[in-house]
Structure formats: C-alpha cells, structure tokens
Amino acid sequence: MSLENSPNCASAPDPDAALRDRLADAVAAEAAFEGWSRTAMAAAARQLELPAGEADRLFPGGAMQVLTFASERADQRTVEDMVKEGAASLKIRDRIKAAVRIRLERHAGDREAARRALAALSLPFNAGLALKLLYKTVDAMWYAAGDTSTDFNFYTKRATLAGVYSATLLYWLSDRSPGSEATWAFLDRRIDDVMKIEKLKSQVRSWTGGTTQRAARR
C-alpha cells in the first residue's frame, strides 16, 4: 500500500511544516488548560518565542484550524503506523481494532486536550467541522485496513466505524485502568457487536437471494 495515495497525504512540500508541527504540539499542550482558543495559541507562541503575528500566519483560521491540522496529522500517522506494522496481513476485524487502538493510544494526545477538543466540536457552529473530522478519521482507518469498496458498502463501513470509534473515544477519555485495558476490552465488545450484525445481514441477503431465485424459476 502506497502512502502517496493516502486520503490525507499532502500534495506538495510545506516549507513551514516543522514549525507548524511544533506550534500545533504547543497549542495542544496549552489546550489541556485553556481549551482550543486564542489564549492557548498566544501561550504556545510565547513558549516557542515566535515573532508577533507568526502563529496567525501559520494558522490564520485560529485554534480550530490548529485542531483540524492536529486531527488530520494524527490520521496520517495512524495510516503510517498501520503500514509499518504490516496490518494488511491481519484479519479485517484485527485491522480495525489495531487502527482504533493506534489512533487513541499513540496519536490522540493528552486526554484533557482531547476532552476540550470534543467540547469545542460539540458546539452548534462547529458541527460541520466535527462531522468532517470524524469522517476523515474513519476513512483513513478503512484506507489503512485495505478497504477498496466503491459501492454502498463504502458508506456503511464508515458509518459503522464512526459509531465504534466515537463510543470508544468517549470511553477512553474516562478510563483510568492500567494501560487503558478497560478501553481495549470495550473496543473488543463493540467490534464483536458489529461483526454479529454483519453476519446477520449476510444471512438475510442469502435468504432474500434464495427466495428471489426460487420465484424467478416459477
């Protein structure tokens, strides 16, 4: 699988990439205390000793643009980790489990900053952005899992994973078990539920198909 075709892969080099990364990390650290806000951006700029106006030049859309950047970067890093670890050789169930776990365990950042991000995205005027970022995350996970569907399954798979990921994220935010083991057990149960539903849907399709074929022969 080539990362050049990744849904979140940049098409041209960014001369400010390294500085933009550093600023995003600094804002995320401040967001745990100040939320994803102009205050967090200003504190991060002071911490990095950036010239006046430099933070706004890098992220003219403000803190929500930083949050968008951080989320899309985490998606891309999840894809990269999946490729490096040979996730394509796993069963589909284990690929999805690995994608969700890698995204949360390695790339979700500080829990409080993530909690503040959800709070910001839950505001009515950020609803569109929230859906966009969730879609990009689950789309990247399915891409990393090797999904090549182009029919209606393309959308149902992403809708199903959006539910699993969102529920697991909320559970993870309040999980204090060692190594977040309770979260991974919760994830296992959610995936088991999805697999049962998919099995039932497959059975219904086979039953319906059989009935249709018999009717056609009459």
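Analyst: Helices in this account are DSSP runs of H or I with at least four residues, numbered from the N terminus, and helix H1 is followed by Gly35, whose phi is positive, near 75 degrees. The model is predicted, with local features needing pLDDT of at least 70 and side-chain atom pairs counting only at pLDDT 80 or more, while totals for chains, interfaces and linings use all residues. Residues are numbered from 1 along each chain as its sequence is written, and side-chain values use heavy atoms, with hydrogens and water left out.

User: What makes the reach of H1 close to the expected one?

Analyst: H1 covers residues 17-34, which is 18 residues, and reaches 24 Å from its first C-alpha to its last, close to the 26 Å expected (1.5 Å times one less than the number of residues).

User: Which residues of H1 are called buried, and what covers them?

Analyst: Buried means under 20% relative accessible area with a 1.4 Å probe and protein chains only, exposed over 50%, and partly exposed in between; in H1 the buried residues include Arg20, Leu23, Val27 and Glu30. Their cover includes helix H2 (38-47), helix H3 (54-58), H4 and H6.

User: Why are H4 and H7 called roughly parallel?

Analyst: Their axes come within 9 Å and cross at roughly 10 degrees. Angles under 35 degrees count as roughly parallel, and H4 and H7 are therefore roughly parallel to each other.

User: Which residues of H4 and H7 meet?

Analyst: Contact means heavy atoms within 4.5 Å, and on the H4 side the residues that meet H7 include Met64, Glu72, Asp75 and Met82, while on the H7 side Leu129, Leu133, Lys136 and Tyr143 are among them. By class, this contact has eight nonpolar, three polar and three charged residues.

User: Which residues of H7 are buried, and what covers them?

Analyst: Leu133, Thr137, Asp139 and Trp142 are among the buried residues of H7, and their cover includes helix H4 (63-84), helix H5 (92-107), helix H6 (111-121) and helix H8 (152-174).

User: What makes a set of residues a nonpolar core, and which residues have the most contacts inside the largest nonpolar core?

Analyst: A nonpolar core is a set of buried Ala, Val, Leu, Ile, Met, Phe, Trp, Tyr and Cys residues joined through side-chain atoms within 4.5 Å; the largest nonpolar core has 27 residues, and those with the most contacts inside it are Val100, Leu104, Leu161, Tyr165 and Trp172. The elements that give two or more residues to this core are H4, H5, H7, H8 and helix H9 (181-217), and the largest share, seven residues, comes from H8. Apart from this core lies another, of 25 residues, among them Ala40, Ala55, Leu67 and Ala113.

Technical notes. Axes are lines fitted to C-alpha atoms, for helices over the stretch in contact, and angles run from 0 to 180 degrees between N-to-C directions. Angles under 35 degrees count as roughly parallel, over 145 as roughly antiparallel, 65 to 115 as roughly perpendicular and the rest as oblique. Ala, Val, Leu, Ile, Met, Phe, Trp, Tyr, Cys and Pro count as nonpolar, Asp, Glu, Lys and Arg as charged, and the others, Gly among them, as polar.
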